[in-house]
Amino acid sequence: MSDATPQTGGHSEQQHSPPATGATEPGAAAGSDGAMGRRPVEQPGPAATGTGDAAGRGDATEPGAAAGPAAVGPGAAEEVLPTDRSVRLGILLALVGGGLDAYTFISRGGVFANAQSGNVVLMGVAAAQRHWWEALGHLPAVVAFLAGVLVAETLRRPRVAAFLRRPACVAMVLECVVLAVVGLIPASAPDALVTVLIAFMASVQMSTFRTLVDTVYNSTMTTGNLRSAMQNAYEAVVGRSADARRRARHFAAVVLAFLAGAFGGGWLTFHWGVHAVWAACVVLAAGLVLFVHDERMARRLPKAGSPGG
């Protein structure tokens with residue numbers, strides 16, 4: 001996403017991953033999302049002992065993760081990976097993130113609604129000029145973004161996750177509903193209404209899906225992903241790290257998906273107008289199908305390893 005925001009959009013922001021979490025038990029459950037996969041095993045190496053930036057390890061114990069048959073890759077044991085951390089889902093979510101930025105920029109007056117840095121800066125600038133009503137005009141999107149964080153964190157609470165069984169899937173369904181409503185809002189409606197709804201949706205997505213295999217990433221912004229791709233590429237060449245090489249490929253795929261989403265979202269918006277946002281619903285539906293497919297594959301894994309299985 002572009003760092004320049006013509007009006008009320010947000011700048012892409014840097015990401016910071018938590019410090020290395022150490023080894024996890026290979027037989028541990030993947031979470032409460034209803035599948036029986038195992039968490040990836042941390043491997044020692046230069047990238048696993050970083051200083052807490054995005055090249056280090058991500059959250060190793062996300063609640064409510066759905067397991068799928070994807071493996072962690074080179075530099076780690078062949079372990080079943082939760083679907084919500086898979087590169088395949090990360091690519092789909094990045095397509096949605098890039099597409100929504102293009103959609104709001106073209107159809108809603110040059111606004112990037114996925115992030116809130118621009119809104120906070122413009123609020124401060126307006127307040128410094130004593131344009132109080134203008135400053136307050138940037139507040140609803142920020143509040144909607146914060147509300148999205150609260151919703152996502154509530155879905156991750158152990159009791160709520162246990163009740164819903166698949167909180168990540170619930171979050172994606174919520175996104176689909178919000179975007180379906182956005183597609184029904186006519187072009188003549190105030191841009192702020194659409195900005196608020198998309199800011200809420202983007203916040204839910206960003207807060208729910210924040211780990212790419214074993215590294216923190218962001219599917220609604222791309223600055224931090226670009227940095228992580230180059231940082232890991234450097235470590236792969238200079239440090240000859242297999243883990244860094246794998247992460248560089250993963251981040252490059254997500255960045256390219258974000259670009260492809262921006263291209264597709266822009267093209268569809270020029271041709272379909274406000275209804276182009278429904279294409280994001282189709283991509284999210286594909287993500288839900290991926291959860292179902294991976295869960296079925298995970299259930300077959302024990303049978304494949306049994307005698308005659």
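Q: Helices here are DSSP runs of H or I with at least four residues, numbered from the N terminus. With that in mind, where is the place of Ala 244?
A: Ala 244 sits in helix 9, which covers residues 242-272. Please note that the model is a predicted one.

Q: Is Ala 244 buried, partly exposed or exposed?
A: Ala 244 is classed as buried, because its relative accessibility is 0% and the cut-off for buried is under 20%.

Q: And what is Ala 244 in contact with, leaving aside neighbours within four places in sequence?
A: With those neighbours set aside, the contacts of Ala 244 are Asn 232, Glu 235 and Ala 236. As for Tyr 234, it is 10 residues from Ala 244 in sequence, and their C-alpha atoms are 8.3 Å apart.

Q: Let us step back. How many helices and strands does the protein have?
A: There are 10 helices and 4 strands in the protein. In sequence order the pattern is β-β-α-α-α-α-α-α-α-β-β-α-α-α.

Q: What share of the residues is buried?
A: Of the 309 residues in the protein, 51% are buried. The accessible surface amounts to about 13800 Å², and carbon and sulfur atoms hold 69% of that surface.

Q: What about contacts between residues 24 or more positions apart?
A: Among contacts with a separation of 6 or more, 74% join residues 24 or more positions apart.

Q: Now the helix packing. At what angle do helix 1 and helix 7 pack?
A: Helix 1 (residues 87-107) packs against helix 7 (residues 191-208) at an angle of about 165°, and the axes lie 11 Å apart. The angle therefore makes the two helices roughly antiparallel. Their crossing is left-handed.

Q: Which residues make that contact?
A: Helix 1 contributes Leu 93, Val 96, Gly 97, Leu 100, Tyr 103, Thr 104 and Ser 107, while helix 7 contributes Asp 191, Val 194, Ile 198, Met 201 and Gln 205. By class, the contact of helix 1 with helix 7 has 7 nonpolar, 4 polar and 1 charged residues.

Q: And how do helix 2 and helix 4 pack?
A: Helix 2 (residues 117-128) and helix 4 (residues 139-156) have axes 9 Å apart and an angle of about 140° between them. The crossing of helix 2 and helix 4 is left-handed. Asn 119, Val 120 and Met 123 of helix 2 meet Leu 139, Ala 141 and Val 142 of helix 4. In that contact of helix 2 with helix 4 there are 5 nonpolar residues, 1 polar and no charged.

Q: What of Gly 124, buried or partly exposed?
A: Gly 124, which lies in helix 2, counts as partly exposed because its relative accessibility is 37%.

Q: Where are Arg 165 and Val 213 found?
A: Arg 165 is in the loop between helix 5 (158-164) and helix 6 (167-184). Val 213 is in the loop between strand 3 (211-212) and strand 4 (215-216).

Q: Which of the classes, buried or partly exposed, applies to Arg 165 and to Val 213?
A: Arg 165 is partly exposed, because its relative accessibility is 42%. Val 213 is buried, because its relative accessibility is 2%.

Notes:
Residues are numbered from 1 along each chain as its sequence is written. This is a predicted model: local features need pLDDT of at least 70, side-chain atom pairs count only at pLDDT 80 or more; totals for chains, interfaces and linings use all residues. Side-chain values use heavy atoms; hydrogens and water are left out. Buried means under 20% relative accessible area, exposed over 50%, partly exposed in between (1.4 Å probe, protein chains only). Contact means heavy atoms within 4.5 Å. Accessible areas come from the Shrake-Rupley method with a 1.4 Å probe; for residues, only the protein chains shown count as cover. Axes are lines fitted to C-alpha atoms, for helices over the stretch in contact, and angles run from 0 to 180 degrees between N-to-C directions. Angles under 35 degrees count as roughly parallel, over 145 as roughly antiparallel, 65 to 115 as roughly perpendicular and the rest as oblique. A crossing is left-handed if the near helix is turned anticlockwise from the far one by less than a right angle, and right-handed if clockwise. Ala, Val, Leu, Ile, Met, Phe, Trp, Tyr, Cys and Pro count as nonpolar, Asp, Glu, Lys and Arg as charged, and the others, Gly among them, as polar.
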